[in-house]
Amino acid sequence: MARKIIIDTDPGIDDAMAIFFAFQAPQLEVLGLTTTFGNVSVELATQNAITLTEIAKVNVPVAKGVAVPSKIAPRPHPDFVHGADGFGNIDWPAPKGKAIDKSAAQFIVDTVREFPGEVTIIALGPLGNLAKALEIDPEVANLVDEVVLMGGTAIEYGNVSPVAEANIMNDPHAADLVFTAPWQVTMIGLDVTHQVLLDNTVLERIKKANPTEGGFLYDCAQHYINFYSSRFDMDGCYFHDASTIAYVMDPSIFGVELGAVRVACEGIGIGQTIFAPQGMSFPEPHWNDVPMTQVCMEVDSEKLLALFETTLS
Ligand code: RIB
Ligand code: CA
């Protein structure tokens with residue numbers, strides 16, 4: 001039986017990679033896309049999510065979510081990374097479809113209640129929709145199969161401050177609620193996504209095998225790769241959001257450590273995911289009685305990229 005997933009997303013070039021990867025994976029059944037601000041505004045993220053369903057010709061509902069962080073001022077959208085359109089400034093036409101008439105958080109609650117114990121939520125952006133779902137119906141935490149999120153970092157440097165990753169920094173209060181709720185969270189952060197380099201040779205082969213999705217991803221990715229190449233002197237881009245899809249398809253690709261994660265919500269460390277490994281105790285109490293998160297620390301990069309390529313080809 002295919003694993004039921006909801007993808008919470010801010011598309012976003014690497015979000016588009018993750019979403020097409022999931023649509024093409026026979027092991028996964030995508031029940032819906034829920035959108036958030038992040039790489040772009042929530043309006044544009046919603047439009048982009050609908051565009052992705054239309055390119056892939058799938059009938060997957062899109063529900064619009066939160067527009068701003070829960071307690072801090074919004075940060076500017078990173079158009080230098082994803083383009084002003086979120087797709088690398090490729091001038092793609094607006095979609096024909098519309099979002100459903102239900103908020104992202106309500107869609108999450110209703111879908112989890114419809115399939116208790118069966119739904120995995122894959123979060124690829126700031127975590128406001130998940131926090132709102134918990135606020136509407138705290139019981140959903142016990143009814144979700146797993147939350148797999150791209151965000152945070154345990155020991156690797158951050159990408160928006162020396163210690164903070166962008167998705168967590170964009171709504172640290174929501175992230176702290178998600179890490180401390182009683183559901184199984186798996187964190188796929190920069191510790192692993194910075195170990196995987198996606199380059200144009202892989203994207204070119206996918207484009208050749210699958211001109212529709214592959215061609216779109218190749219065109220979007222050029223802006224993204226230019227950003228990474230100029231900033232980090234690398235020939236390609238890091239493999240962020242799509243790593244979550246590989247994890248749900250084949251968790252053996254990753255090595256995980258267990259521990260309690262709390263998020264710094266103020267000061268110069270704002271947005272930091274602070275990881276207390278299982279079995280270590282500290283005089284400071286903030287990590288006591290916090291559920292164990294599975295934090296991915298190792299990844300088989302070759303196997304991961306092979307799964308991405310074969311699934312999309
Ligand atoms: O830090 C990487 C994350 O930030 C990815 O989810 C990317 O899409 C951006 O949202
Ligand atoms: Ca994202």
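Which residues in H10 meet which residues in H13? In this predicted model, where local features need pLDDT of at least 70, side-chain atom pairs count only at pLDDT 80 or more, and totals for chains, interfaces and linings use all residues, Val202, Arg205 and Ile206 of H10 meet Phe308, Glu309 and Leu312 of H13. Residues are numbered from 1 along each chain as its sequence is written, chains are lettered from A and ligands numbered from 1 in the order in which they are written, and side-chain values use heavy atoms, with hydrogens and water left out.

Contact here means heavy atoms within 4.5 Å, while helices (H or I, at least four residues) and strands (E, at least two) are DSSP runs numbered from the N terminus. Helix H10 (residues 200-209) packs against helix H13 (residues 301-312) at an angle of about 20°, their axes being 9 Å apart. That angle makes H10 roughly parallel to H13, since angles under 35 degrees count as roughly parallel, over 145 as roughly antiparallel, 65 to 115 as roughly perpendicular and the rest as oblique. The axes are lines fitted to C-alpha atoms, for helices over the stretch in contact, and the angles run from 0 to 180 degrees between N-to-C directions. H10 passes H13 in a right-handed crossing; a crossing is left-handed if the near helix is turned anticlockwise from the far one by less than a right angle, and right-handed if clockwise.

H13 also packs against H1, with axes that come within 9 Å and cross at roughly 65°, and the crossing of H1 and H13 is left-handed. This contact is made by Met17, Phe20, Phe21 and Gln24 of H1 together with Leu307, Phe308, Thr311 and Leu312 of H13.

The metal site comes next. The calcium ion (ligand 2) is coordinated at 2.3 to 2.6 Å by Asp10 (OD), Asp15 (OD), Asp15 (OD), Leu124 (O) and Asp241 (OD), where donors are N, O and S atoms within 2.8 Å of the metal (3.2 Å for Na, K and Ca), and sites may look incomplete as water is not among the atoms. Eight of the eight residues of H12 are buried, so H12 is largely enclosed by the rest of the structure.

Strand E4 (residues 119-123) is mostly covered, five of its five residues being buried. In a regular strand the side chains alternate between the two faces of the sheet. In E4, Val119, Ile121 and Ala123 on one side and Thr120 and Ile122 on the other are all buried. E4 pairs in the parallel sense with E1 over five bridges and, again over five bridges in the parallel sense, with strand E5 (residues 144-150); two strands pair if DSSP finds at least two bridges between them. Ile7 stands opposite Ile122 in E4, and Val119 stands opposite Val144 in E5.

Conventions. Buried means under 20% relative accessible area, exposed over 50%, partly exposed in between (1.4 Å probe, protein chains only).
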